[in-house]
Amino acid sequence: MSGPTRPHVLLSVAVSIDGYIDDAGPDRLLLSNAADFDRVDALRAESDAVLIGAETLRRDNPRLLVNSEERRLHRIAAGKPDYPVRVIVTASGELDPRLKFWRFGGERLVYTTDSGRDRIAGSLDGLAEVVSLGDAVDFEALLDDMGKRGMERLMVEGGGSIHTAFLAAGLVDEIRMAVAPLVVGDPAAPRFLGPADFPGGPQHRMQLAEVSRIGDIALLRYLPKEDSDVG
């Protein structure tokens, strides 16, 4: 008997030409332009869940909402909640319930470890459902749980350690990468991916499925599980 169908996993990221997702300053570096932010909003509206790691939550304090009222109404007309489920992944359980993430939007899920769940205790009561994945964060188990909940499309927005974990585990179906025309050049700044043993190693060529332009942004769509035809 087959298990639940895991959701389609889309990694969404904006990077500098040299592969950074932010600089090392206290304020967030805006890599996207207005049109690209709207594209990301459309991707959120098409998703059943949007996921980030706890470090991104602490650093950026995002709301992760669908900003377009028209898109929210379209979701409602399709029988969906006005916002996708917003998901936080934390191994430590170190979450601040005062952040604005907890005050806006609809359903929220927190995936953590046994020790993380103990640390969170009742601090998120009424704010989020907390799910333990065991001794460590198991991303396959996370996707299985989402499948059981009927989620079909997951949008992963970062940060780098989360993107790395999904990609290294071979769980990514597509990558949407916006490349901004600037360089960061600071080794202390966060990058899109960290060191890992990725499936196929450096010999594996992903399929470049689409290239487009949004103002001064280059948008690339990769399919990690498919080899490109270089013959």
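Mentor: Helices here are DSSP runs of H or I with at least four residues, strands are E runs of at least two, both numbered from the N terminus. Keep in mind that this is a predicted model, where local features need pLDDT of at least 70 and side-chain atom pairs pLDDT 80 or more, while totals for chains, interfaces and linings use all residues. Numbering starts from 1 along each chain as its sequence is written, and side-chain values use heavy atoms, with hydrogens and water left out.

β9 gives the most to this lining, three residues. In total 18 residues line the pocket, and L167, F198, H204, M206 and P224 lie nearest its centre. A pocket here is an open set of points on a 1 Å grid over the protein atoms alone, with protein on both sides within 12 Å along at least five of seven lines; lining residues have an atom within 4 Å of a point. The volume is about 360 Å³, taken as the space filled by probe spheres set on the points, which are joined across faces, edges and corners. By class, the lining has 14 nonpolar, three polar and one charged residues; Ala, Val, Leu, Ile, Met, Phe, Trp, Tyr, Cys and Pro count as nonpolar, Asp, Glu, Lys and Arg as charged, and the others, Gly among them, as polar.

Now for β9 itself: eight bridges join β9 (residues 217–227) to β8, and the two run antiparallel. Strands count as paired if DSSP finds at least two bridges between them.

Definitions and conventions:
1 Å grid on protein atoms, 1.4 Å probe; cavity = no way out; pocket = protein on both sides within 12 Å on 5 of 7 lines; lining within 4 Å.
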